[in-house]
Amino acid sequence: MKKITITTEFSVYESKEQLPSEIKNLMEMAIEIRKKAYAPYSKFRVGAAILLDNGKIVLGSNQENAAYPSGLCAERVAIFQAGAIYPDAKIVKLAISATADEKPVTSPIPPCGACRQSIAEYEFKQNTPIEIFFMGESGEIYKSDSLTNLLPLVFDKNFL
C-alpha cells in the first residue's frame, strides 16, 4: 500500500473591497440575484454570476421545490443557462454568494457536490479552468483557480 497527498490552494480576500473591480462587480451581481432565490424550504439563498469569454454575464439563483430533488442550485441554474444561450462561450469566472434567512452566514460557502461536478463538466468541455470566488453574505472570499481545487479526484468523460 502507498499513500498519496493531495493539496489545494486558495487565495483569501478579507472582504469584497479587496477584490479586483471586475470580480467585485461580479460578486455584487451574485449578491443581488440571490435575493431572487426561491427558497421557502431551506431558507438558504444562493446567487451565482458567471462571466463568459464573450463579455456576457449570466446569473442564477437557487430554485427549490417541495419534491426536494427537483430543485436546482444557483450555480447550476447559471451554468446551464450559459450553456443553453451561449453554447460556444467559455466560462471564465464564477462568483457565488450565500445567505440564510434565520442566521448570519459569514463563512465562504463553496458549491455543493452536484454543482462541483457540473462545473467540472464545463471545465473539461472548454479545456480551460474556471476561476471560482465564493463567500457568505459577508466576510472572507475564497478564490479557487480551478474546480480541481474543490474536486481533485474528478469524474469525467475519460472514465466512460
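The model is predicted: local features need pLDDT of at least 70, side-chain atom pairs count only at pLDDT 80 or more, and totals for chains, interfaces and linings use all residues. Residues are numbered from 1 along each chain as its sequence is written, and side-chain values use heavy atoms, with hydrogens and water left out. An open sheet of six strands is present. A search of the whole structure finds six salt bridges. The largest nonpolar core has 23 residues.

**Record annotation**

- The UniProt annotation "domain: CMP/dCMP-type deaminase", from an unreviewed entry, covers residues 21-149. UniProt positions follow the numbering used here, feature names are shortened, and annotations may be inferred rather than shown by experiment.
- The span 21-149 is 31% helix and 26% strand. Its end C-alpha atoms lie 24 Å apart. Helices (H or I, at least four residues) and strands (E, at least two) are DSSP runs, numbered from the N terminus.

**Sheet**

- The strand order is β1-β6-β5-β4-β2-β3, and the pairing is mixed. Two strands count as paired if DSSP finds at least two bridges between them.
- β1 (11-13) and β3 (57-61) stand at the edges. Each has a single partner strand, so one side of each is left without a neighbour in the sheet.
- From one strand to the next, the twist averages 15°. Axes are lines fitted to C-alpha atoms, for helices over the stretch in contact, and angles run from 0 to 180 degrees between N-to-C directions.
- β4 (residues 91-100) and β5 (residues 131-135) pair in the parallel sense, over five bridges. S97 stands opposite M135 in β5.

**Helix on sheet**

- Helix α1 (residues 21-34) lies across β2 (44-52), β3, β4, β5 and β6 (141-144). The helix runs at about 45° to β4.

**Nonpolar cores**

- A nonpolar core is a set of buried Ala, Val, Leu, Ile, Met, Phe, Trp, Tyr and Cys residues joined through side-chain atoms within 4.5 Å. Buried means under 20% relative accessible area, exposed over 50%, and partly exposed in between (1.4 Å probe, protein chains only).
- In the largest core, the residues with the most contacts inside it are I50, L52, I91, L94, I119, I130 and I132.
- β2, α2 (74-85), β4, α3 (113-126) and β5 are the elements that give two or more residues to this core.
- Another core, of 13 residues, lies apart from the largest one. Among its members are L26, A30, I31 and F133.
- Leaving aside neighbours within four places in sequence, the contacts of I130 include I91, L94, I119, Y122 and L147. Contact means heavy atoms within 4.5 Å.

**Salt bridges**

- A salt bridge is a side-chain nitrogen of Lys or Arg within 4 Å of a carboxyl oxygen of Asp or Glu. Side chains of opposite charge can pair when their charged atoms come close.
- E28 and K16 meet in a salt bridge at 3.0 Å, N to O. E28 sits in helix α1 and K16 in the loop between β1 and α1, 12 residues apart. E28 is partly exposed, at 29% relative accessibility.
- E131 and K143 form another salt bridge, at 3.8 Å, N to O. This pair links strand β5 to strand β6, with its members 12 residues apart. E131 is partly exposed at 22%, whereas K143 is buried at 13%.
- K143 also meets D145, at 3.0 Å, N to O. D145 is partly exposed, at 42% relative accessibility. Shared partners join K93, E131, K143 and D145 into one network.

**Loop residues**

- E14 lies in the loop between β1 and α1. At 58% relative accessibility, E14 is exposed. E14 touches G139 and E140, not counting residues up to four places away in sequence.
- E14 and I141 are 127 residues apart in sequence, yet 6.5 Å apart in space, C-alpha to C-alpha.
- K43 has a phi near 55°, a positive value in a residue other than glycine. K43 is in the loop between α1 and β2 and is partly exposed, at 29%.
- N127 also has a positive phi near 55° and is a residue other than glycine. N127 is in the loop between α3 and β5 and is exposed, at 68%.
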